[in-house]
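Hi everyone, thanks for coming. Let me put the structure up, and then I'll walk you through a few pieces of it.

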Amino acid sequence: MTTTTIGDVPFEGGASGNHQGAVRSCDTTGLPVCLGAQRFIKLHAVVAVVWLLIGGTAAILIALTRWPAVHLLPADWYYRLLTLHGLDMLIFMILNFEIAILYFAGTTLLNCRLASTKAAWLAFALMLIGGIMVNIAVLNGSSDVLLTSYVPLKASPWFYLGIILLAVGALVAVINFLATLYIAKRDHTYEGSVPLVVFGATAAAIIAVVTLLHGAVVMIPTWLWSMGVVEYIDPAWYRITWWALGHMSQQINVCAMVSVWYLLGTLTVGAQPVSQLVCRGAFVLYILFINVASAHHILVDPAVGASWKIWNTGYAMYLAVLASMIHGLTVPASIEVAQRKKGFNRGLFGWLVAAPWSNPGFSGFFLSLIIFGFGGGITGVVLGTQQINIMAHNTLRIPGHFHVTVVGGTALAFMAVTYYVVPLIFQREFYLKTWCRIQPWLFGGGITLMSIGMSFAGSYGVPRRHWDMEFTGAMFSTGFDSGAHLMLGLMGVGAIIAVTGLLVFVLLVVAAVFFGRSNAGRAMTPWHEERQVAEKFRTEDTAGDDEHSMPGTLVLALFFLACFVVYYFANWMWLADVWHVR
Amino acid sequence: MSIHQPPADWFKAPDSTERLWVGLALIWCLVMFIAMPYWYFYGKQNSVGEGYLVEPMEFSQRVSKFVETNKVGELKGIPIVEAAPGGDVYLQAMMWSWFPVIQMRKDQTYRLHISSLDLQHGFSIQPLNMNFQILPGYDHVLTITPTSAGEFSIVCNEFCGIGHHLMTGRILVVE
Ligand SMILES: [Cu+2]
C-alpha cells in the first residue's frame with residue numbers, strides 16, 4: 001500500500017531559484033531547502049524547545065500549587081514561576097517557533113534564498129539574549145510582575161530591556177522574511193501567486209510588525225519609568241497599549257497555526273485547499289480586523305466607554321471570528337476531499353476514521369483543530385462579549401480559554417509539524433515511534449482536561465493568578481463551592497498529563513536531533529502505513545471524484561455552530577441572574 | 001497543494017457548501033454583534049466604564065468623610081457603612097484590604113465609587129461572580145442594584161503582590 005503522501009507530490013516550481021549553490025533538494029519531498037535558512041530554522045527550533053522545557057517545568061509546579069489539595073509552592077515562588085511560565089511559553093517559545101516557520105515558508109516554499117544572513121544572526125542573538133535577560137530578572141526575584149506587568153507594579157529594568165531586545169530581534173527576523181518575499185518576487189523564483197502557506201505566514205508577519213511596534217510604544221516608556229527617568233505611566237493607557245501587543249500577538253499565533261494546519265494537511269494526506277479564494281480571504285480578514293482586539297481585556301475597565309468597548313469587540317472582532325469559522329470548515333474539508341479522492345468514501349465519516357491516525361503529524365494537527373475550535377474558539381467569543389465579561393474577567397475562565405487556544409491549538413500544531421521538521425530539516429529519524437504516536441494524545445488530552453477544570457472553576461468565581469483560593473489568614477473568611485475544588489483537582493490531573501506529554505515531546509526531539517540516525521540521501525521513514533482496517537472504508541462508487549464533496553465536514557461544522565449557539569445564549573441567561581449594574 | 005503555487009485560475013467563486021457555511025457564519029456573527037447593543041439598551045447588566053480621574057490622596061479623603069458620616073456599626077473592627085438609597089458609596093482598595101464594609105438595601109440603587117491607593121486591583125463579588133477592574137488614579141463608578149440579600153465577599157482578582165490572597169472584604173445586603 002501507499003505509505004506517506006508527501007513523496008507523491010514532487011515540487012513543481014521552477015528550478016531557477018536564486019540560491020547560488022547553497023541549496024539541497026529534500027530527499028522526501030523534492031522541495032529545495034536553502035542551507036542558509038536551514039541553519040536558522042534549526043537554531044530557532046532548538047531554542048524554542050529549550051524555552052518549552054523551562055516553561056513546562058514551571059507549568060507543573062504552578063498547577064500543583066493551584067490544586068488546593070496539593071498547594072505545593074510558597075506564595076512568592078508561585079507568582080515568580082507564574083511570571084516565568086507566561087513569558088517563556090507565550091513569548092519566547094512561541095516567537096522562536098514562528099520565526100522558524102517564517103524562514104521555512106519564505107525560502108523553501110518560494111525556492112528562494114534568505115534575504116540576509118547577518119540580519120538572521122542579529123535577530124537570533126537579540127531574541128536569545130532578551131530571553132536569558134528576562135529569565136534571570138524573574139528568577140532572581142526582582143521582577144514578580146506576571147506576564148502583563150501592569151503598572152504601577154514595577155520590575156527590574158533588565159526585565160523590560162529583555163522584552164525590548166526580544167521584540168527588536170523578532171522585528172528584524174520578520175523584516176528579513178518580508179525582504180525574502182521581495183527578493184523571490186524580484187528574481188522570479190516562483191510564478192503567479194504565492195502558495196497558501198506562504199500567504200498565511202505573510203499575514204502573520206504583517207500582524208507581527210504592527211504588534212511589535214505597539215510593544216515598543218508601551219515597553220520603552222515603562223523601561224524608562226523603571227529606571228526613574230519617566231515619572232508616571234498612566235495605568236489605563238498602559239493596559240490598552242499593552243494589550244495591543246498582548247492580544248494582537250495571539251493573532252500572529254492563530255495565523256501561524258492555521259498555516260501549519262494547511263501545511264500538515266498537505267504533508268499527511270496530500271490535501272489541497274478547496275477554495276483558495278475563501279482561505280486567502282479569511283487570512284485577509286485577520287489582518288484587517290484583529291487590530292482592536294486589545295479591547296477584550298478592558299471590557300470592565302473604568303475610563304473606557306461602553307460604545308468604544310462594544311464597537312471594538314463587536315464590529316472588528318466578529319469579522320476575525322468569521323475568518324476562524326471559515327478556516328474551521330476549509331481545513332477539515334480539504335482533508336475530506338483528499339481522503340474521498342483516495343476512495344475512503346464510506347458513509348459521512350469514513351474518510352476521517354480511515355485518516356492516518358498513526359501519524360503524529362496528522363493526529364497532532366487534527367486534535368489541534370478540534371481543541372482550538374470547540375474549546376478555544378467558542379469560549380473566546382463568549383468571554384469577549386462585552387457584558388458577559390462581567391462574569392469572567394480575571395477568573396480562571398480566562399486561562400481556561402487561552403490554554404485551549406494557544407496550547408491545545410497553537411503549541412500542539414507546532415509539535416505536530418515538528419514530527420516533519422526533524423526528519424526533513426534536521427534529517428534525523430525519531431526513536432520510540434510508539435511514544436511519538438501517543439504524545440499528541442497525551443498533550444492534547446491533558447490540556448483539554450486542564451482547561452475544562454479551569455473554566456468551570458472560573459464559573460464558580462475562582463480568580464486567576466491567585467495563590468490561595470481558600471484565603472487563609474484573610475480578614476474576612478471566604479471560600480468557594482466544593483464543586484470548584486473538584487474542578488481544580490481536574491485541572492491538576494489534566495496538567496500532570498499535559499506536562500507528561502510535553503516532557504515526552506522534548507525527550508523524543510532531543511534524542512532524535514542529537515542522537516538520531518541520519519536519513520540524509522534517502523526519504524524519511526513514513527509515519528503511517530495503510531492498515532487493512534482502513535480498507536473497509538473504501539468504496540467503489542465514484543462520489544469522491546467530486547472536487548467539492550464534503551458532507552461530513554458540513555455536519556461537523558453545523559454541530560460546532562449548534563454548540564456555539566447553546567453556550568453563547570446560556571451565558572446571557574446566567575448574566576441575567578446577577579445584580580443590576582451600569 | 002497548500003505548499004505549491006495555486007493554479008492560475010484560483011481566483012474563482014467558492015462552491016455551494018462553502019458559500020452556505022460562510023453565509024451561516026456571517027449571520028451568526030451579526031446576531032452576536034447586535035446582541036451587545038441590544039443588551040446595552042434593554043439588559044440590566046452593563047459595564048459602561050464610568051470613570052473619573054482622581055488623586056489617590058483625594059479619594060482616600062472622600063472615603064474617610066463618607067465613613068464618618070454614614071457609619072452604622074462595626075465588623076471585625078472595620079466600620080460598616082450605609083448610605084441613603086440612590087446615594088454615593090465609597091470603597092477603597094489597597095494592599096491588601098477593601099475598606100470599609102458596605103451595607104446596602106435589596107433592590108435599591110447606589111452609586112458605588114471604587115478606586116485604588118496603590119496598585120491595580122480586581123473588584124470581585126463572590127459568590128455572585130461579578131468582576132470589575134480597579135485602577136489607581138481612576139474613580140470607577142458602578143451604578144449598582146443588589147437583587148439578592150445576604151452577606152457577600154469581595155475578593156481581589158488582580159495580582160497585587162505577595163499578600164494578594166489576603167485581600168478580602170464584605171458587602172451586606174439587607175431586605
Ligand atoms: Cu489586590
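Let me start with one side chain: Arg111(B) counts as partly exposed, because its relative accessibility is 26%. Before I go on, please keep in mind that this is a predicted model.

So what does Arg111(B) form a salt bridge with? The partner is Glu50(B), and the closest N and O atoms are 2.8 Å apart. Glu50(B) sits in the loop between α1 and β1 of chain B, while Arg111(B) is in strand β7, residues 110-116, so this pair ties together parts that are 61 residues apart in sequence.

Chain B has another pair I'd like to show you, this one within a helix. Glu58(B) and Arg62(B) form a salt bridge, with 3.2 Å between the closest N and O atoms. They are four residues apart in helix α2, residues 56-70 of chain B, which means about one helical turn separates them. Glu58(B) counts as partly exposed because its relative accessibility is 35%. Arg62(B) counts as partly exposed as well, at 29%.

Now let's go over to the interface. How many residues of chain B are in contact with chain A? There are 84 of them, and they touch 109 residues of chain A. As you know, interface size is often given as the accessible area lost when the parts come together. Here the area buried between chain B and chain A is about 8,800 Å², and carbon and sulfur atoms give 68% of that.

On the polar side, 36 residue pairs are in polar contact between chain B and chain A, counting pairs with both residues at pLDDT 80 or more. Several elements of chain B each supply at least two residues to the side that touches chain A, among them α1 (16-42), β6 (101-105) and β12 (168-174). Which element gives the most? That is α1(B), with 18 residues. By residue class, this side of chain B divides into 48 nonpolar, 27 polar and nine charged.

The chains also share some strand pairing. Strand β3 of chain A, residues 580-581, pairs with β10(B) in the antiparallel sense over two bridges. If you want a place to look, find His580(A), which stands opposite Thr145(B) in β10(B).

Back to charges, then. Over all chains the count comes to 15 salt bridges, and between chain B and chain A it is two. Arg239(A) is in helix α6 of chain A, residues 235-246, and Glu158(B) is in the loop between β11 and β12 of chain B. For those of you watching thresholds, the cut-off is 4 Å. Are these two residues buried or exposed? Both Arg239(A) and Glu158(B) are buried. They also belong to a network of salt bridges that links Arg239(A), Asp301(A), Arg465(A) and Glu158(B).

One last stop, in that helix of chain A. Leaving aside neighbours within four places in sequence, Trp243(A) is in contact with Thr148(A), Tyr150(A), Met248(A), Ser294(A) and His297(A).

How values were computed: Residues are numbered from 1 along each chain as its sequence is written. Chains are lettered from A and ligands numbered from 1 in the order in which they are written. This is a predicted model: local features need pLDDT of at least 70, side-chain atom pairs count only at pLDDT 80 or more; totals for chains, interfaces and linings use all residues. Side-chain values use heavy atoms; hydrogens and water are left out. Contact means heavy atoms within 4.5 Å. Buried area is the accessible area (1.4 Å probe) that two parts lose on being put together, summed over both. A salt bridge is a side-chain nitrogen of Lys or Arg within 4 Å of a carboxyl oxygen of Asp or Glu. A polar contact is a pair of N or O atoms within 3.5 Å; within protein, one must be able to donate a hydrogen and the other to accept it, and residues adjacent in sequence count only if both atoms are side-chain atoms. Ala, Val, Leu, Ile, Met, Phe, Trp, Tyr, Cys and Pro count as nonpolar, Asp, Glu, Lys and Arg as charged, and the others, Gly among them, as polar. Two strands pair if DSSP finds at least two bridges between them. Buried means under 20% relative accessible area, exposed over 50%, partly exposed in between (1.4 Å probe, protein chains only).
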